[in-house]
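Have the viewer open as you read.

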Protein chains: 2
Amino acid sequence: MLSEAVEDYLKAIYTIKDGTNPVSTSAIAQRLGVAPASVTQMLKKLADMKPRLVEYRRHHGVQLTANGEKIALEVIRHHRLVELFLQEALGMSWDQVDQEAERLEHVVSETLADRMAEVLGHPEFDPHGDPIPSKSGDMPVGEALLNLVHLNPGQEAIVRRVCDDDPEVLRYVASLGIIPKAALRVIEKAPFDGPIHVEVAVADVNATHALGQRVASQVFVSLVGNVDLPSPT
Amino acid sequence: MLSEAVEDYLKAIYTIKDGTNPVSTSAIAQRLGVAPASVTQMLKKLADMKPRLVEYRRHHGVQLTANGEKIALEVIRHHRLVELFLQEALGMSWDQVDQEAERLEHVVSETLADRMAEVLGHPEFDPHGDPIPSKSGDMPVGEALLNLVHLNPGQEAIVRRVCDDDPEVLRYVASLGIIPKAALRVIEKAPFDGPIHVEVAVADVNATHALGQRVASQVFVSLVGNVDLPSPT
DNA sequence: CCCACCAATTAGGTCTACCGAAATTACCAA
DNA sequence: TTGGTAATTTCGGTAGACCTAATTGGTGGG
């Protein structure tokens, strides 16, 4: 059995990586809230494990090996299944489930994860809209998503994902009706990174809200219907 | 937050203790599967914690303080709620839930435990018949229980608890219909610690089984109806 | 009343995962 | 080509929890 620390590092590397570029020591340190020196040490250990979990070149970052990625996906699968289960089966709010899952992901057995997946009907997305890897390690691919801050007035979209980093933000946007599957339309977008006014349908009533940049940038959507104004950057 | 090790020691002390006698170092060592030296070291630490968790006198064993007992009960509550939840909500078999709960008990938050208790209807006993402490730390008291090996031929009883130490045994006795609430009657008891023949009602059909001492001693019952033969030891 | 024996403790060491400070490396820019 | 700088790594240490081996303490049998 791998330690929690190892699982956390693999997960961090997986979620940070963008394309095939190696991931930097400092990015991992920041993500995990540890000192860069600790990361270097751990990366050396991961690169030396019997089944090599990462490809590591000093001063050039790391990449997961196939083995490492497999484990990262298992941890992520557990995390997201737990999140969804806590919400669906136990009625916990979506701003609580992430931190709970952060601890549970390491101790949930494979058979327990399978039971949850079964009960939930082998779901593809967690409460925040993040994809849940299948048992075989395949990530469901949704449509390409746009950040809400990049929409222009008049555009209509469906909320697909809300970044789960900040529980406060989650609670706030949920109170506005901004959760995955919700429909919204951009009414107005103030210049100079000003607030974005969006109209959201909540219980048959449309309400408009002004979202600051900080909040809007956490929301990802897919466009729907007619795309009015192509964005001039 | 207390470490898992601390929680495990407190739980062990609580479950080992009998009456008000101090618990011995070696008993704890055996229960936790660690060396006695490790226990001594940990007991000193527990006795020195800001809120004292145990009363410890060198060479004379330990006792939990009120604080220590409170924490032990919380851990046990989490453990048993998890066990029951895994069985009820996820259909896991009763021989699997203990080891799963062993890991989950340390990472389940208070609010998650409360949600489970709520969903389960504030249950008083776990799948093996062990009492689940209330949130305020009260242990439900059932009837006084007898070990199955002490019953005499002709006596009828209800199974109340099966010791959860050995999953194999759990699986075996469950296959015989011996689970909490099941009714049974002792048919015959071979001398010299020989097998005990019991009749168990399973799905309207009565079947009799011969249980060895090892197995029977794990089963606890409460007598029902007329007590025929008082036991001559 | 003493001693031997067993339980318990002390002493010294390992392993994991952290840290801060000091040294090193990569890389860009003049 | 040569710095300078920021990112990384090395180095020496800490804390927790465990171990083995050696020692000490309590106590029941003689």
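Which residue in β8(B) is the bridge partner of B:Asn147? In this predicted model, B:Asn147 finds its bridge partner in B:Phe220.

## The sheet of chain B

That pair belongs to the contact between β3(B) and β8(B), the latter covering residues 219-224, where two bridges hold an antiparallel pairing. On to the next neighbour: β4 of chain B, residues 156-162, is joined to β8(B) by six bridges, again in the antiparallel sense. One of the partners to look for here is B:Val162, which is bridged to B:Val219 in β8(B).

Stepping back, these strands are part of an open sheet of six in chain B, ordered β3-β8-β4-β5-β6-β7, with antiparallel pairing. Its edges are β3 (146-147) and β7 (205-211) of chain B, each of which pairs on one side only. As a reminder, strands of a sheet pair through backbone hydrogen bonds, in either a parallel or an antiparallel way.

## Strand pairs in chain A

Now for some pairings in chain A. Here β4 (residues 156-162) and β5 (residues 183-189) of chain A run antiparallel and share three bridges.

## Chain A as a whole

Counting elements, chain A contains eight helices and eight strands. Its C-alpha trace spans about 55 × 40 × 30 Å along the principal axes. How does the radius of gyration of chain A sit beside that of a compact globule, and what is its value? For 233 residues, a compact globule would come out near 17 Å, and the 20 Å of chain A agrees with this.

Of the 233 residues in chain A, 35% are buried. As for contacts in chain A with a separation of 6 or more, 56% of them link residues 24 or more positions apart.

## Where the two chains meet

Turning to the pair of chains, 13 residues of chain B are in contact with 13 residues of chain A. On the side of chain B that touches chain A, α4 (66-90), α5 (97-104) and α6 (110-120) of chain B each supply at least two residues. α6(B) gives the most, with four residues. By class, this side of chain B has eight nonpolar, two polar and three charged residues.

What relates the two copies? A rotation of 180 degrees, with 0.0 Å of shift along its axis, superposes chain B on chain A with an RMSD of 0.0 Å. This is the relation of a two-fold axis. In chain B, the C-alpha nearest that axis belongs to B:Leu104, at 3.5 Å. The same surface serves both copies, since 100% of the contact residues of chain B recur in chain A.

## Around the DNA

Let's finish with the DNA strands. There are 20 residues around DNA strand D, and those that come nearest are A:Ser24, A:Ser26, A:Ala37, B:Ser3 and B:Ala35. Two or more residues of this surface come from each of α2 (25-32) and α3 (36-48) of chain A and α1 (4-16) and α3 (36-48) of chain B. The surface near DNA strand D divides into eight nonpolar, 11 polar and one charged residues.

Around DNA strand C there are 19 residues, with A:Ser3, A:Ala37, B:Ser24, B:Ser26 and B:Ala37 coming nearest. For this surface, α1 (4-16) and α3 of chain A, along with α2 (25-32) and α3 of chain B, each supply at least two residues. The classes near DNA strand C are eight nonpolar, 10 polar and one charged.

Methods: Residues are numbered from 1 along each chain as its sequence is written. Chains are lettered from A and ligands numbered from 1 in the order in which they are written. This is a predicted model: local features need pLDDT of at least 70, side-chain atom pairs count only at pLDDT 80 or more; totals for chains, interfaces and linings use all residues. Two residues are in contact if their C-beta atoms, placed from the backbone, lie within 7 Å. Ala, Val, Leu, Ile, Met, Phe, Trp, Tyr, Cys and Pro count as nonpolar, Asp, Glu, Lys and Arg as charged, and the others, Gly among them, as polar. Copies are superposed by least squares on the C-alpha atoms of residues with pLDDT of at least 70 in both. A residue is near a molecule or strand if its C-beta atom, placed from the backbone, lies within 6 Å of it. Two strands pair if DSSP finds at least two bridges between them. The radius of gyration is taken over C-alpha atoms; the globule rule is 2.2 Å times the number of residues to the power 0.38. A residue is buried if 20 or more other C-beta atoms lie within 10 Å of its own, exposed if 12 or fewer, and partly exposed in between; C-beta atoms are placed from the backbone.
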